[in-house]
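Keep the sequence at hand.

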Amino acid sequence: MDPDNDNSKEITQEDAWALIKAYFQQHGLVSQQISSFDRFLSYTIQDIVAENSIMSIVPEKQYAPGSNENQDRDLRYEIELGQVKVNEKPRFKEYDDKYNVIFPNEARLRNLTYQTSVYVEVTKRDKVTNSKGVEEVLEQSKEKEVYIGKVPVMIKSAFCSLNRIENEYEMKECFFDQGGYFIINGSEKVLVAQERMANNFVYVFQKKQPSKFSWVAEIRSQVDASNRPPNQFSVKLYSKGQRRAGGSFSGGKVFGQTICATVHYINQDIPIAILFRALNCISDKEILDKICYDQKDSHMMEAMRASLEEGTPFLKQEDALSWIGSRGAAGAVSREERIRHARDILKKHFLPHISTEDHCESQKAYFVGYMVHRLLSAHLGRATEDDRDHYGKKRLDMAGALLGMLFRNIFRRYVKEAGRVLKNCADRGQPLNISKAFKKDVITDGLRYALATGNWGTNAAGEVSKTGVSQVLNRLTFASSLSHLRRLNTPLQKSGKLTKPRQLHNTHWGMICPAETPEGQACGLVKNLSLMAFVSVGSTAERLKEILENYGTENLVSIEPENIHNATKVFVNGCWIGIHNDAEDLISNIREMRRSLFIPKEISIVRDITNREIKFYTDQGRVQRPLFIVKNNKVLLKKSHVERLQSTIKSQAMDFNEALAEGLVEFLDVEEEETSMIAMNVEDLQNRQYCSTYTHCEIHPSMILGVCASIIPFPDHNQSPRNTYQSAMGKQAMGVYTSNYQLRMDTLAHVLYYPQKPLVITRALDFLHFKELPSGCNAIVAIACYTGYNQEDSVIMNQSAIDRGFFRSAYYRTYCDTAKSGEHFEIPDVTVVGRRHGDYTKLDMDGLIFPGKNVLGDDIIIGKTALPRRTFERDMEYGNVIKKDDSTALRHSEKGIIDSVILTSNEDGDNFTKIKMRAIRIPQIGDKFASRHGQKGTIGMTYRQEDMPFTQEGITPDIIVNPHAIPSRMTIGHLVECLASKVACFQGKEGDATPFQDVTVEHISNDLHSLGYQKRGNEVMYNGWTGKRLDTRIFLGPTYYQRLKHMVDDKIHARSRGPLQILTRQPTEGRSRHGGLRFGEMERDCMVSHGAARFLKERLYDVSDCYSVHVCRECGLMAQANVRQQKYLCKGCQNNTDICQVGLPYACKLLFQELMAMQIAPRMLTND
Amino acid sequence: MTDQYGRGLRAPVIEILDIGRYTIKFLLKECHISIANALRRIMIADVPTMAIDLVYINDNSSVLHDEFLSHRLGLIPFKSDTVDSYEFFRECSCKPSCHKCSVEFNLRETALDDVKDITTDHINANNPDCLVKPVKYINADGNEEDPILIVKLAKNQKVDIQCIVRKGTGKEHAKWSPVATVQVQQMPQIDISPSLEEDLDTEEKIGLVNSCPASVYKLNAEKQTVDIETITDCHQCQECTIYLENLNKKNDLLKVGQHEDHFIFTVESTGALPPEEIVSKAFTILIDKMSELSQCTEESDAKD
């Protein structure tokens, strides 16, 4: 037994929830976004400024006749950007120059951007090179705070104004809002995490034959967290019988499979021996030492033979460098120049993650050797191909990283531009005006543009490189907002038919929700984080390297190659730094340091025993999750700790961080997880027969699910696609999307009248605030056939229940408008041109409608007039201006009541108004509802209480669903939920539907039996019309139902006649434009196959764009016609007699005229 | 023919089992199911009561918007003992409204210093002598219960509402239904074969008793017989017969059925009308409907 095991009792699975609660109290659900952003604004921004900190301005020497003063002086200005200062709170400068702290709600209402100012300390040095060639500083001046621009601030981050406010609701914020998004021009934007392949990883792939190469080992090397594009380097093994193209230098005498390398900036593949020689490994022995760590490994030696032979003509380092240099971009230059060029490339652009300093050849040679070793191991069948989809090799760029990339690009451009302005100044001999050179809007507008449109950065050609990075936060339901903030996107061609990256991978366990992903094109590419998944923020590797050195890691530079075989290789962030002789000891030491938070908790420690490697990762974007630490098959967290976690007394209480610091739990990333032995639950640890060397234990298996999947009760009883469907549908459910919805002006919002928390819920819902902001009702549901009005996924609903407020909801729509210069909010009088046909009488004196007014389709709600474009004051005085109407009308298909009106000014000081309309939506035939199991349906019929089937107790169902919805879909969870709800209802308790626990249907059934009901939930029911008993017993009980946003009132549409498009004169498209219904290709095909030619002509011509033209029968072109005067003329032919009328679609006439405009004459030849 | 329909000729009997302030329980014997069900349906949908039908909102600064508030007001049950003295709004000859078809109420409250609960107590009739008024519930101990909460007003919020109460039926809107629900139970009939005593061993008998979720059966320990304890609790779930079926016993040991023309009614009033009133009104309406029907059939017969 463990001696320091205290007397406190072992925990049970139930106790894990105390820890889970502590985790969410500390981290919330959007900490990945917020911590990433905080790092950006507190550190990354400073790093980026430091990267581009020094500007050197050398004035062009001007010839000034007469004055030979300073002529021989080499003046140089140096501008250094130093300390960055970020304003603590977002402020907003009003148009009248008042400067106020703003809060998010104000930014939302007034369409402002929630952003804070950034200042930089600028030092200017005037330097002169004196006659001795030494630079002297003539003058030095410092400007403390030079404004460089504004950066959008994430809500609830360290820089948000809400940070210092105790009660969010005082600032009109939602009590449950978690932040994690930005407000750009009044709209809430989320930066969706972007998934990418990790850099600095060696991947070995087998090439599909036929191909030149059989195996390839590649690496995308990038200096830690820099924004330089990664340099690809690969080592390739030729296929059998493949000769290298143009390999004439070896005379084609080499037999066997050779290895070559592809280096960035070098146009040709380099034989591996040449690369080694260029890296100063001259003899074959030296090269082999780097590759075959085991001298007795004859197989690998043999595999290298051909490659070494290939390198025999180049035995000196200079020769090799010259060979490489001549294949670079420089081309034909002198040998010295070539060698210098090759050295430079190998230093700066070859494996830059190892080093870009001088004297790094040996380290790089070791690394190339390691890659060749991996390649040959795979080739010799000792190792398998690497898995591209392994989640440990993926990194997530969160908001901070994305903003960092963007800021770096913009800042570089900005500094360049500033340099140009300063240079201009200097050239003219003017003093350097620093505050003028640093433009005010470049950074502000650049960041704002990217966040507003989602177009993330531009490449060299000026094209948008990524789209859809920034999205408007989904505010339909609270859960949908949360889920949106935890979304991941894989920027991959959505059309690509490759299925591998879309599939659920083993390594997604606990990190990525297995259920929540969209259907269709983006399936599997858009993912969602699991509840307890956390994304590393990143830290520097320097401190870790120091520690490693202190703990006996031998640096690569100082080791004997023979020692490698018996030692363990140590990698930090993919860079091989040395070897260690006692891996076990090192690992346990470093692990202890992490468990005591001596080094950051997010550093991952991976020990690969088979390959004798230890890998450390400190970079940002790794997905991690907390696990219980297990020692001697016992969880270290004991009952005493649980008591402290639950304690409300401050001095005794323990939070999650303390649990980390005491080494009870730790974060593991995917790579490290793979080298651990993790028990599924606490009970499994007792079962020593299966495994007695557990290292960790799952905190709770239900934590593998994401936000939307956590809402599903008993998901472990459902067929898996049903959980996916529900995850998508939960986002369309109505509820209370935020507690401050009355104070917000969202373009579209639905609020449920009497939302209820579910009778049966999963434990995870506590942390999602689903109980406080629910999105549905507990309906009494019968699964039955009754009258047949619930066939094909429709449901019968109880009209009396609807009368009593069941699933009633309010619908809000906001209209907004700005009065730019020349425009005014006023009631447009009769003199105004272009008046709409709507009702102007509902406007108030100020030109805006007032709250409480009933409005319906096409009513004018914002009256606005605009002066013609060129209006002079003189015209105004004489009153001879004719104003144009530019009013806003209500959408023609909607009606409701004006809820609220605001009139304020926007950023430019223009008058700006937002008008919120409200309508009540009562469930009716055609509205859509769904349970929490992917079972959706529309109302097919409503029956009053007396017509509904009833039980002996007089209970009538609210909803009757058809039993055919169950067997093929296998949503057993739906039935179990109903049963558990029934029990919960009678017991007056909340039912527990958390997955992967040992509640069984039998359990619930027995409870129900003891409550005096048929144990499977069936009940005898009677027909509502006849009173006769129904032959079958009906499964009846409460089930949580959601009302989905799709309602008939928003869809109903018909048209007999209506508006036409101007260009083609065909009917307009879409309900909002009162459009026609498309008679499409398939409908056309159907008519063709029926031979219904006249009908087809009617649909496609008579009721669409029927038109007729007059055609000259001489030339076949369209002629002039004046039907009233009976005069016809073809101008070209001077023909006014031989003209006939032809009926054709207007679109056809248009086409002919367009063709004529491009010198093609479509002639219509007519017969009698 | 006469066999099936002739049964209706028997005189039905009512036996009242229990009358409470809000519920009545009675037995309807010797009555065809169609009559019993008609009675149930009429009680739910055809017995008229009074409820707020029209709301004028002069001022509303509460958190609930106007429609929400009106909906809540509409659902408040009103004491409707005098419904018969009012006309249906649509059948009334008056122009907009008159005292024959509508009663006016008002709700004018302001929260002056703290959060204020606006309840049915704050609804005042314009005519103080009016007998139609919001229901005040009295609990089992005879004490008055808290009035129904309509909305909570925060400081300085105000509501000023005028309500028109009208007569209506549950057919039009559920708010006019005088009952929460009507329970109708056909009298269960359980025949235990005398051979059951011998065919089952004690363990199986205990199993049989436990199989019933409603505890209808009781094991008589002395005589080793299965007795019926409370037959009215049986809800025809057939668990007992299924249990015996699974034991592979002869299937005539136990027969669970229902008495075809015995009904136990339990009427739960919303408080708008006393339960016995609802029942008697329902009968009157049923008779009216019948006579109307017979009149119509006579007329059509005359035409032929």
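In sorting residues, Ala, Val, Leu, Ile, Met, Phe, Trp, Tyr, Cys and Pro count as nonpolar, Asp, Glu, Lys and Arg as charged, and the others, Gly among them, as polar. By that sorting, the lining of the second largest pocket holds 13 nonpolar, 10 polar and 16 charged residues.

This is a predicted model, in which local features need pLDDT of at least 70 and side-chain atom pairs pLDDT 80 or more, while totals for chains, interfaces and linings use all residues. Residues are numbered from 1 along each chain as its sequence is written, chains are lettered from A and ligands numbered from 1 in the order written, and side-chain values use heavy atoms, without hydrogens and water.

Back to the pocket. A pocket here is an open set of points on a 1 Å grid over the protein atoms alone, where a 1.4 Å probe fits, with protein on both sides within 12 Å along at least five of seven lines; lining residues have an atom within 4 Å of a point. The second largest pocket has a volume of about 1,100 Å³, counted as the space filled by probe spheres set on the points. Its lining takes 39 residues, and Tyr370(A), Arg374(A), Asp608(A), Asn611(A) and Glu613(A) lie nearest its centre. Helix α9(A) gives the largest share, six residues. Helices (H or I, at least four residues) and strands (E, at least two) are DSSP runs, numbered from the N terminus.

Two backbone features come next. Arg612(A) sits in the loop between β25 and β26 of chain A. Arg612(A) is not a glycine, yet has a positive phi of about 55°. Pro210(A) lies in the loop between β10 and β11 (213-221) of chain A. The peptide bond from Gln209(A) to Pro210(A) is cis, with omega near 0°. Most residues other than glycine have a negative phi, and most peptide bonds are trans.

Now the helix pair. Arg1084(A), Met1087(A) and Val1088(A) in α26(A) meet Phe1095(A), Leu1096(A) and Leu1100(A) in α27(A), where contact means heavy atoms within 4.5 Å. These contact residues divide into five nonpolar, no polar and one charged.
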